[in-house]
Amino acid sequence: MGVFNSKKLVATKLKNVEQVIADVKMYFTAKGFDVKTDSTPTGGLISITKGGTFKDVLGLKTALNTTLTIEEGCILIEAKIGAFGGKAVATIGGLFVTWPLAITAAIGMVTQSKLDDEMINEIEKSIYKYEQRQESSSTKEKFCVDCGAPVPADAAFCPNCGKKQ
């Protein structure tokens, strides 16, 4: 996966990503991110940001923007990281004078660069979870509420991840 622009094609029969988007929103909100979502005719959008008012004013706030596009037999996930707002160019000149902020911004971007992989992993996990639930509704099999693995009907815990059922 690339640091600032990642794509992954996930094979699935799932035709609706609303539940997937809700799962991912809940996951990143719990981690302290601001999450905005939207539905599109072909899938959905997820945008996450982290950074307070100070970073926003300086133009240092970064965002991970992710698009889910439903295609025939798959979902295309595209995650891109970039500056949030139009102040970044002006900030670069200001950072020459205020170098401590440049160091902070660089550390922040390195941390943010791992978010594309984390976002794609969470989306993929959720896709598989809902796909298995969709399949199990017709066969009445039981699956883990957390990881989606098959669980014996009488099991109190998932044999794969250990989550209480």
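Predicted model: local features only at pLDDT ≥ 70, side-chain atom pairs only at ≥ 80, totals over all residues.
Residues are numbered from 1 along each chain as its sequence is written, and side-chain values use heavy atoms, with hydrogens and water left out. Local features need pLDDT of at least 70 and side-chain atom pairs count only at pLDDT 80 or more, while totals for chains, interfaces and linings use all residues.

Starting with the overall layout, the protein has five helices and five strands, taken as DSSP runs numbered from the N terminus (helices are H or I, at least four residues; strands are E, at least two). Read from the N terminus on, the order is β-α-β-β-α-β-β-α-α-α. Of the 165 residues, 36% count as buried, where buried means under 20% relative accessible area, exposed over 50% and partly exposed in between (1.4 Å probe, protein chains only). As for contacts (heavy atoms within 4.5 Å), residues 24 or more positions apart account for 51% of those with a separation of 6 or more.

Next comes the second largest pocket, which holds about 200 Å³ of space. The search runs on a 1 Å grid over the protein atoms alone: a pocket is an open set of points with protein on both sides within 12 Å along at least five of seven lines, whereas a cavity is a set where a 1.4 Å probe fits but cannot get out. Lining residues have an atom within 4 Å of a point. Grid points are joined across faces, edges and corners, and the volume is the space filled by probe spheres set on the points. Around this pocket sit Asp23, Val24, Met26, Tyr27, Glu122, Lys125, Ser126, Lys129, Val145, Asp146 and Lys163. Helix H1 (18-30) and helix H5 (115-139) are the elements that give two or more residues to this lining. By class, the lining has four nonpolar, one polar and six charged residues; Ala, Val, Leu, Ile, Met, Phe, Trp, Tyr, Cys and Pro count as nonpolar, Asp, Glu, Lys and Arg as charged, and the others, Gly among them, as polar.

One of the lining residues, Glu122, lies in helix H5 and is buried, at 18% relative accessible area. Leaving aside neighbours within four places in sequence, Glu122 is in contact with Val24 and Tyr27.

Rings of Phe, Tyr and Trp (its six-membered ring) pair if their centres lie within 6.5 Å; planes under 30 degrees apart count as stacked, over 60 as edge-to-face and the rest as tilted. Tyr27 and Phe28 are edge-to-face, at 4.9 Å centre to centre and 85° between the planes. Tyr27 is partly exposed at 27% relative accessibility, whereas Phe28 is buried at 0%. Phe28 also pairs edge-to-face with Phe33, at 5.7 Å and 85°. Together, ring pairs link Tyr27, Phe28 and Phe33 into a cluster.

Finally, the structure holds zero disulfides (pairs of cysteine sulfur atoms within 2.5 Å). For Cys144, the nearest cysteine sulfur is that of Cys161, 3.7 Å away. Cys144 is buried, with a relative accessible area of 1%. For Cys158, the nearest cysteine sulfur is that of Cys144, 3.7 Å away, and Cys158 is buried at 4%.
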